Amino acid sequence: MGGTTYRTGLETQTAYDSLWAQPTTHKVTHGDFLVNARWRKEQPALTVSTRTTDFTDVLRQDGVTALPKGTRTLPLVFAGDGAAAEYARLDARGKAVVVRRDDDVADGVQAANAVAAGATLLLVVNNEDGRALRGYGEPFGPPVALDVALLSTDEGEKLAAQAKVRGARVTVTSRPVSPYVYDLLASWHNEIPTRMTSRADSRSLARVDVAFDSPLPGGSGGEFRYDWVPGSGWTFGGPQPEPVSGTRTDWVSTGDYRWNQEAYAGGVIYEIGAKTAYRPGSRQSEEWFGPVERPHLNDAYRSPLRIGDSMAIDVPAWGSRDHIGLSQDDTGTTTQHMTLSQGGTTLGEGVFSLVEGKAPGPGKLPYRLVVTGEREAPFTPYSSATRTQWVFVSAAAADPEARTVLPLVQLDYRVDVDGAGRAKRHTTVTVTAAHLPGAAPVGRLGAPALELSYDDGRTWHRAARTGDGGFRLDAPSRAEFVTVRASARDTLGNTIHQTVTRAFGLR
């Protein structure tokens, strides 16, 4: 390719259950060639079987009301194309109904007719190739009031034939929430082998114990984990609808690559985790949507950059742990403001997460970035207001096209809280400071300092250090919330001062 890098890929989601690649006859000797295969595996959401057949191509559809968790046996009947007339002489109440997908009877109409007939489950025989994921609820509306699954044409016709037999029954197992996920990646260098089988177990994979704490437990949400292979600045995939309340065990491939996970709670928050490399056989945890939410950056988002004399800084204001946190609250109760200045001169302002400005010259100067956020959200009492001030040193690079990551010091907070975001009154709060990868110029970071307030910042108490690098929390008996004020500095004068009002609660 003339010394250039070329990358392409194919993402099939649920449409296909197998992909094929033509093996190479010999290893690549000119240039470099890498093939990656990526899988995401979960416990099947819905399984269907009869006395004689296990159906393996069942796919629960979108916009449906999943059957409660568990196994049940239902009477099985056939309702043709699913039109209303098919139910005129058919008793479908409390039963599983098989219909053929029909271009003349819309998906939503088939589902509505099954609901009107009192059906418990609708099983649709697909009339197209592949494993389609279709919507059976109203667009942007509530889900249809029954479970719906699609079967491939071949398997569906087998089920339809059995449904026509008097006394037919079907056994259905519903698992609305998968207790596990496998995120697997395999790579082959300079060849496509004849066997592309990848085997893994707990010794070669990493275990991640994931906890989701959506502020709206009954709302929509989703999540995905992206793979980042060496030498590539982009990845495949997109958030998949997932329950974002509760816990899950994830098993992740290990190797010469990194992963970053993203999760969202619909109408509330979208979080982006940092890129992480996992060790074989290791075990770690990941928590989403909990305290402490504040402005934060990591290496999986846009870096704050200087190119020549131009600066562009994008800092979403609501990240928890080491996550980026972008507000999805569209009620108007969440606001953010950013100001970039040098000396007494304002270089730029922004009313969302982005601020841009032009340096007064190429020389080395101190700059100040202030990010404030406020929210009166009904879904959480925490992080009602934040104020973060960065002072950083910057000069133009010798190359006017060079992209320099600005040295914004980041603070990470860890405190054990319950599902309601409340900590014990006597516990430890950990605060760590770090530079962004590739930031310049940076010095050696000193230990962070922490002050605590139990009256929303009217009075402050310097937190005592513990022997393990944390800070001691000893809250009075009448306090309901903890407000934090933390700071850190490096030896070149890059500093951060961050205040989070009502950072977390007390129990």
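Biologist: Which residue forms a salt bridge with Asp209?
Modeller: This is a predicted model, in which local features need pLDDT of at least 70, side-chain atom pairs count only at pLDDT 80 or more, and totals for chains, interfaces and linings use all residues. Residues are numbered from 1 along each chain as its sequence is written, and side-chain values use heavy atoms, with hydrogens and water left out. A salt bridge is a side-chain nitrogen of Lys or Arg within 4 Å of a carboxyl oxygen of Asp or Glu. With the closest N and O atoms 2.8 Å apart, the partner of Asp209 is Arg207.

Biologist: Is Arg306 buried or exposed?
Modeller: Arg306 meets Asp309 in a salt bridge (3.1 Å, N to O). Buried means under 20% relative accessible area, exposed over 50%, and partly exposed in between (1.4 Å probe, protein chains only). Asp309 has 24% and is partly exposed. Arg306 has a relative accessibility of 2%, so Arg306 counts as buried.

Biologist: What is the relative accessible area of Arg414?
Modeller: The side chain of Arg414 forms a salt bridge with that of Asp412 (2.8 Å, N to O). Asp412 counts as buried at 13% relative accessibility. Arg414 is partly exposed, and its relative accessible area is 30%.

Biologist: How many salt bridges does a search of the whole structure find?
Modeller: Side chains of opposite charge can pair when their charged atoms come close. Some salt bridges share partners, and these join Arg38, Arg40, Asp183, Glu223, Arg225, Asp227, Glu242, Arg248 and Asp250 into one network. For the whole structure, the number found is 32.

Biologist: Which strand gives the most to the lining of the second largest pocket?
Modeller: A pocket is an open set of points on a 1 Å grid over the protein atoms alone, where a 1.4 Å probe fits, with protein on both sides within 12 Å along at least five of seven lines; lining residues have an atom within 4 Å of a point. Strands are DSSP runs of at least two residues, numbered from the N terminus. E11 (206-213), E17 (283-288) and E27 (410-414) each supply at least two lining residues of this pocket. With three residues, the strand that gives the most is E11.

Biologist: Which residues lie closest to the centre of the second largest pocket?
Modeller: This pocket holds about 280 Å³ of space, a volume being the space filled by probe spheres set on grid points joined across faces, edges and corners. There are 17 lining residues, and the closest to the centre are Glu287, Gly290, Arg321, Val417 and Asp418.

Methods: Helices (H or I, at least four residues) and strands (E, at least two) are DSSP runs, numbered from the N terminus.
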